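Subject: Structure handover

Hello,

Below is the structure we spoke about, with my notes after it. Please read the notes against the coordinates.

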Amino acid sequence: QQVLAGKVAFIQGGSRGIGAAIARRLARDGAAVALTYMSSPDKAQQVVKEIVDAGGRALAIQADSSTPDAIRTAIDQAAATFGRIDILVNNAGVLALGAVDELTMEDFDRTIAVNVRSVFVGVQQAVRHMGDGGRIITIGSTNADRMPFAGGSIYAMSKSAIVGLTKGLARDLGPRGITVNNVQPGPVDTDMNPADSDFADGLRGLMAINRYGQADEIASFVAYLAGPEAAYITGASLMVDGGFSA
Ligand code: NDP
């Protein structure tokens, strides 16, 4: 029995890393999956191919999450293809690291546009296609709570913004039976944060579990939140971080 059979998921940023793992996992659990990408068409199509080869339904759409119109168009295309949207996953994110005198206004504005505004816009657009029992899940970061190294000011700000946004949206959408949650990973081995970097050695020392997470370990929790058993969880920011914030 596939727990998400008959459901439709829309994932902002599903071509690589955590987003690709979420796409594969939700598809494995039975959902039809529409995923967006910006600059990795081949990787996005590869994720689609894997899902389709396994008997699932999937669609990749190019849409820059920093552009509200692109998000709206992609969500409308997904809803037209699969009939509606039951699960929205906001995963697209960027990491601009630098000391306060190094980061630029462009870094600031792009981080807010991709990591924060895209979540608001995605929710605004997706709920037009979402019925009772809908699920909204954003990938925040443990850095919303703990930022133990220099250079992460803008990134931490953007992920902290998701904490409040999630609470407010949960209040708006609770009466419609839609839950809104924020999954906050710790270090996960992806292109954004490779486990074999010098930076990674420093992070490992800050964790209760002394290793990087795998993208699948985030995807499994997202799948739980997307499923029927998680109907009483909303407005929450939930750590999956190997004890980074403990
Ligand atoms: P990656 O850099 O490995 O992948 C980022 C994904 O987001 C890609 O699919 C990319 O698409 C997409 N994306 C980026 N910018 C845009 C955009 N403007 N429009 C559409 N899609 C976009 O990152 P991770 O998988 O590591 O991170 C995913 C999320 O998890 C992010 O929100 C990140 O902040 C968060 N996170 C990651 C942690 C980690 O240690 N890895 C820890 C905590 C949180 P494309 O391939 O087309 O560029």
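Of the 246 residues of the protein, 47% count as buried (20 or more other C-beta atoms within 10 Å of a residue's own; exposed means 12 or fewer, partly exposed lies in between, and C-beta atoms are placed from the backbone). This is a predicted model, in which local features need pLDDT of at least 70 and side-chain atom pairs count only at pLDDT 80 or more, while totals for chains, interfaces and linings use all residues. Residues are numbered from 1 along each chain as its sequence is written.

Overall form. A compact globule of 246 residues would have a radius of gyration near 18 Å, so the 17 Å of the protein agrees (taken over C-alpha atoms; the rule is 2.2 Å times the number of residues to the power 0.38). Along the principal axes, the C-alpha atoms fill a box of roughly 45 × 35 × 35 Å. Among contacts with a separation of 6 or more, 73% are between residues 24 or more positions apart (a contact is two C-beta atoms, placed from the backbone, within 7 Å).

Elements. There are seven helices and seven strands (DSSP runs numbered from the N terminus: H or I of at least four residues, E of at least two). Their order from the N terminus is β-α-β-α-β-α-β-α-β-α-β-α-α-β.

Strand E4. E4 covers residues 87-90; Ile87 and Val89 point one way, Leu88 and Asn90 the other, and all are buried. E4 pairs with E1 (residues 8-12) in the parallel sense over four bridges (pairing requires at least two DSSP bridges), with glutamine 12 opposite asparagine 90. Four bridges also join E4 to E5 (residues 135-139), again parallel, and there leucine 88 has isoleucine 136 as its bridge partner. Between E4 and E5 the chain passes through helix H4 (residues 105-126) in a right-handed β-α-β crossover (clockwise from the first strand over the helix to the second, with the strands pointing away from the viewer).

Core. The largest nonpolar core has 60 residues, of which Ala23, Leu26, Val33 and Val222 touch the most other members (buried Ala, Val, Leu, Ile, Met, Phe, Trp, Tyr and Cys joined through C-beta atoms within 7 Å). Leaving out residues up to four places away in sequence, alanine 23 touches Ile11, Gly14, Val33, Leu35, Val47 and Ile51.

Ligand. The ligand is surrounded by 31 residues, the closest being Gly13, Gly17, Ser40, Gly93 and Thr190 (C-beta atom, placed from the backbone, within 6 Å). Helix H1 (17-28) gives the largest share of this shell, three residues.

Regards
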